[in-house]
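Please look over the structure shown below and keep it at hand while you read this briefing. The notes are grouped by topic, and each can be checked against the model.

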Amino acid sequence: TFFILSRDSDTQVTVQSAATVAHSAEAYTITRAYNTFQAWEDPCGATPCLATSSGGRGGNLVGETRIEIGVAYKDGVFAPTSKVGILGSTTDSSYYMGLTVAVGQRHSGVAGTGVIVDGTSMGAASLSLFHIQDPSFRLEWLEIRNYPGDTAGGNPVNVEESVAHGAYLSHLIIHDYTDNADRGGINIYDDTTVRNSILYNGPTGIRIYGTDATRVFS
């Protein structure tokens with residue numbers, strides 16, 4: 001069992017970890033590893049975390065010297081009913097978790113052209129859609145729409161204070177949302193890089209707050 005890191009052409013992919021034995025001329029299937037972002041983020045079921053381990057891909061990434069990148073495809077709209085909690089893993093700037101979109105599946109800067117995360121089904125008090133609470137998490141290339149922050153009580157993206165330094169947010173489209181108490185489409189409480197992102201049709205764009213000299217890099 002392997003996880004695909006990238007699709008390189010119609011006949012070639014790159015896997016996250018190299019094979020330890022040859023697999024020439026063997027039959028294979030390619031399937032989705034996880035159906036939700038949270039299932040991917042959840043703790044791995046065994047240590048060390050291998051492709052054959054149960055559970056998600058979270059855990060002690062620093063201790064196991066691994067990087068985990070979840071790759072989304074636009075074969076359907078993601079419609080979470082509760083927050084995606086990015087927490088509980090041991091990460092740093094060298095060994096981290098990140099969500100991105102496959103090359104060829106990414107938006108063109110226009111809504112509706114890439115992978116969509118629709119927050120319409122978020123229930124009351126379900127809090128932020130993506131709640132980042134681990135260091136150095138990366139979130140890229142998603143279109144996030146229709147997040148009902150007024151009732152859900154949070155924000156499309158929330159970077160938690162004092163625990164989520166080094167967050168990296170890039171090429172996001174966030175639109176047609178409400179937020180909790182004007183805390184923004186992106187609510188930043190810890191050092192964060194935001195690049196090449198578009199926010200519109202919401203009461204507040206990017207909010208910066210916190211007691212630990214929060215910095216935003218663009």
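In this predicted model, the side chains of glutamate 68 and arginine 66 meet in a salt bridge, with 3.0 Å between N and O. Both partners, glutamate 68 and arginine 66, are buried. The pair belongs to a network of salt bridges that links Arg57, Glu64, Arg66 and Glu68.

**Salt bridges**

- The structure holds six salt bridges in total, and the general idea behind such pairs is that side chains of opposite charge can pair when their charged atoms come close.
- Glutamate 68 also meets arginine 57, side chain to side chain, in a salt bridge with an N to O distance of 3.1 Å.
- Because arginine 57 lies in the loop between α1 and β3 while glutamate 68 lies in strand β3, this pair ties together parts that are eleven residues apart in sequence.
- Arginine 57 counts as buried, since its relative accessibility is 5% and buried means under 20%, and glutamate 68 counts as buried too, at 3% relative accessibility.
- Elsewhere, the side chains of arginine 32 and aspartate 75 meet in a salt bridge at 2.7 Å, N to O.
- Arginine 32 lies in the loop between β2 (13-15) and α1, and aspartate 75 lies in the loop between β3 and β4, so the pair ties together parts that are 43 residues apart in sequence.
- Arginine 32 counts as partly exposed at 40% relative accessibility, whereas aspartate 75 counts as exposed at 56%.

**Serine 89**

- Serine 89 is found in the loop between β4 and β5, and this residue counts as buried because its relative accessible area is 9%, with buried meaning under 20%.
- The side chain of serine 89 reaches the backbone nitrogen of glycine 59 at a distance of 2.9 Å.

**The largest nonpolar core**

- The largest nonpolar core has 36 residues, of which Phe37, Phe130, Leu139, Leu142, Val157 and Leu169 touch the most other members.
- At least two residues of this core come from each of α1 (37-41), β4 (84-86), β5 (97-101), β7 (130-132), β10 (157-159), β11 (167-170) and β13 (186-188).
- The largest share of the core comes from β5, which supplies three residues.
- Leaving out residues up to four places away in sequence, phenylalanine 130 touches Phe37, Val84, Leu99, Val117, Leu139, Leu142, Ile144, Pro156, Val157 and Asn158.

**Arginine 215**

- Arginine 215 lies in the loop between β16 and β17 (216-217), and with a relative accessible area of 47% arginine 215 is partly exposed.
- Apart from its neighbours within four places in sequence, arginine 215 is in contact with Asp190, Asp191 and Thr192.
- Arginine 215 and histidine 165 are 50 residues apart in sequence, and their C-alpha atoms are 9.4 Å apart in space.

Methods. Residues numbered from 1 in each chain as written. Predicted model: local features only at pLDDT ≥ 70, side-chain atom pairs only at ≥ 80, totals over all residues. Heavy atoms only, no water. Core = buried A, V, L, I, M, F, W, Y, C linked by side-chain atoms within 4.5 Å. Buried < 20%, exposed > 50% of the residue type's maximum accessible area, 1.4 Å probe, protein only. Helix = DSSP H or I, 4+ residues; strand = E, 2+ residues; numbered from the N terminus. Contact = heavy atoms within 4.5 Å. Polar contact = N/O pair within 3.5 Å; in protein donor to acceptor, adjacent residues only side chain to side chain. Salt bridge = Lys/Arg side-chain N within 4 Å of Asp/Glu carboxyl O.
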